[in-house]
Amino acid sequence: MTLEFHQFPARSDNYGVLVHDTETGMTASIDAPEVAAIKAALAAKGWQLTHIFTTHHHQDHTEGNAALKAETGCEIIGPRGEAAKVPGIDRQVGGGDTFRFANFEVRVIETPGHTLGHIAYFIPEAKVAFVGDTLFAMGCGRVFEGTHEMMWNSLSKLRRLPPDTTVYAGHEYTQSNARFAITIEPDNAALKARAAEVDALRAKRQPTLPTSIAIELATNPFLRAGDAGVKASLGMDGAADWQVFGEIRKRKDNA
Ligand code: ZN
Ligand code: FE
């Protein structure tokens with residue numbers, strides 16, 4: 001049994017991802033940012049949509065739900081915590097829930113902060129996670145609905161996934177995230193090397209995602225808020241990890 005993944009750009013800076021099980025033909029769209037882009041991706045691969053896995057209610061992640069469901073009859077799985085805001089939702093899931101997609105177990109991780117009901121989907125056997133707008137390459141989502149402490153706890157759950165987990169995120173914000181990350185950790189060699197790689201990829205208009213937990217642990221300042229060196233460089237020795245996270249988030253918001 002094998003899952004195939006197809007990532008494609010949508011809207012201005014979103015990514016869509018299709019997850020296809022080769023045995024059953026089942027195909028899930030991670031969020032539904034843009035109907036035309038998703039239909040083109042399905043057609044290009046010759047896959048038929050059977051599911052949408054919604055990470056959170058924002059328009060740029062749910063806009064295609066109604067039209068895609070009407071056209072394909074796909075089942076929409078989404079966050080219980082904000083189900084009323086997810087168009088067409090059929091099945092509500094929350095933290096700790098598991099469900100099956102073909103023969104794969106999908107684990108639901110509650111990651112509130114960007115929105116209060118935000119969830120991520122983790123497929124252990126495939127070592128892949130779909131994190132929506134919680135974690136980005138070298139960045140994280142803006143904390144719109146929750147608190148900094150809540151968002152830090154959500155990111156901490158993702159930090160504890162196996163390091164070799166492949167991570168698909170909702171947006172291509174990597175280049176600006178890298179520039180900001182270097183202001184927090186100017187001496188982080190892994191970060192500087194990655195920023196150079198990212199610049200080279202973007203110069204060729206190539207995606208910088210997916211990433212991995214290991215790469216983010218080494219280069220993402222928002223995951224590194226508990227690091228003694230990061231705390232010291234911000235003059236926050238002794239502060240709680242979530243407070244350091246909050247300071248980094250505020251600086252990025254104002255950057
Ligand atoms: Zn969002
Ligand atoms: Fe988004």
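The questions and answers below concern a predicted model.

Student: Is H5 roughly parallel or roughly antiparallel to H6?

Tutor: Helix H5 covers residues 174-184 and helix H6 covers residues 189-203. Their axes lie 10 Å apart and the helices pack at an angle of about 155 degrees. Because angles over 145 degrees count as roughly antiparallel, the relation of H5 to H6 is roughly antiparallel.

Student: Which residues of H6 does H5 meet, and is the crossing left-handed or right-handed?

Tutor: On the H5 side, the residues in contact are Thr174, Gln175, Ala178, Arg179, Ala181 and Ile182. By class, the contact of H5 with H6 has 6 nonpolar, 2 polar and 4 charged residues.

Student: How do H5 and H9 lie to each other: oblique or roughly antiparallel?

Tutor: The axes of H5 and H9 come within 11 Å, and they cross at roughly 125 degrees. H5 passes H9 in a right-handed crossing. Since roughly antiparallel requires an angle over 145 degrees, H5 and H9 are oblique.

Student: Which residues make the contact between H5 and H9?

Tutor: By class, the residues of this contact divide into 3 nonpolar, 2 polar and 2 charged. H9 contributes Ile248, Arg251 and Lys252. From H5 come Ser176, Asn177, Phe180 and Ile184.

Student: At what angle do H1 and H3 cross, and which residues of H3 make the contact?

Tutor: Helix H1 (residues 35-45) and helix H3 (residues 65-72) have axes that come within 9 Å and cross at roughly 40 degrees. This angle makes H1 oblique to H3, and the crossing is right-handed. H1 supplies Val35, Ile38 and Lys39 to the contact, while the residues from H3 are Ala67, Leu68 and Glu71.

Student: Which residues lie nearest the centre of the largest pocket?

Tutor: The largest pocket holds about 200 Å³ of space. Strand S12 (139-140), H5 and helix H9 (241-253) each supply at least two residues of its lining. By class, that lining has 5 nonpolar, 7 polar and 5 charged residues. Of the 17 lining residues, those nearest the centre are Phe136, Cys140, Gly141, Arg142 and Tyr173.

Student: What is the volume of the largest cavity?

Tutor: The count comes to 1 cavity of 30 Å³ or more. Among the residues lining the largest cavity are Tyr15, Val17, Ile30, Asp31, His61 and Phe130. By class, its lining has 7 nonpolar, 4 polar and 1 charged residues. Its volume is about 90 Å³.

Student: Which two residues does a cis peptide bond join?

Tutor: Most peptide bonds are trans. Here there is a cis bond, with an omega of about 0 degrees. Pro210, one of its two residues, is found in the loop between H6 and strand S14 (211-212). The residues joined are Leu209 and Pro210.

Key:
Residues are numbered from 1 along each chain as its sequence is written. Chains are lettered from A and ligands numbered from 1 in the order in which they are written. This is a predicted model: local features need pLDDT of at least 70, side-chain atom pairs count only at pLDDT 80 or more; totals for chains, interfaces and linings use all residues. Side-chain values use heavy atoms; hydrogens and water are left out. On a 1 Å grid over the protein atoms alone, a cavity is a set of points where a 1.4 Å probe fits but cannot get out, and a pocket is an open set with protein on both sides within 12 Å along at least five of seven lines; lining residues have an atom within 4 Å of a point. Grid points are joined across faces, edges and corners, and a volume is the space filled by probe spheres set on the points. Ala, Val, Leu, Ile, Met, Phe, Trp, Tyr, Cys and Pro count as nonpolar, Asp, Glu, Lys and Arg as charged, and the others, Gly among them, as polar. Axes are lines fitted to C-alpha atoms, for helices over the stretch in contact, and angles run from 0 to 180 degrees between N-to-C directions. Helices (H or I, at least four residues) and strands (E, at least two) are DSSP runs, numbered from the N terminus. Angles under 35 degrees count as roughly parallel, over 145 as roughly antiparallel, 65 to 115 as roughly perpendicular and the rest as oblique. Contact means heavy atoms within 4.5 Å. A crossing is left-handed if the near helix is turned anticlockwise from the far one by less than a right angle, and right-handed if clockwise.
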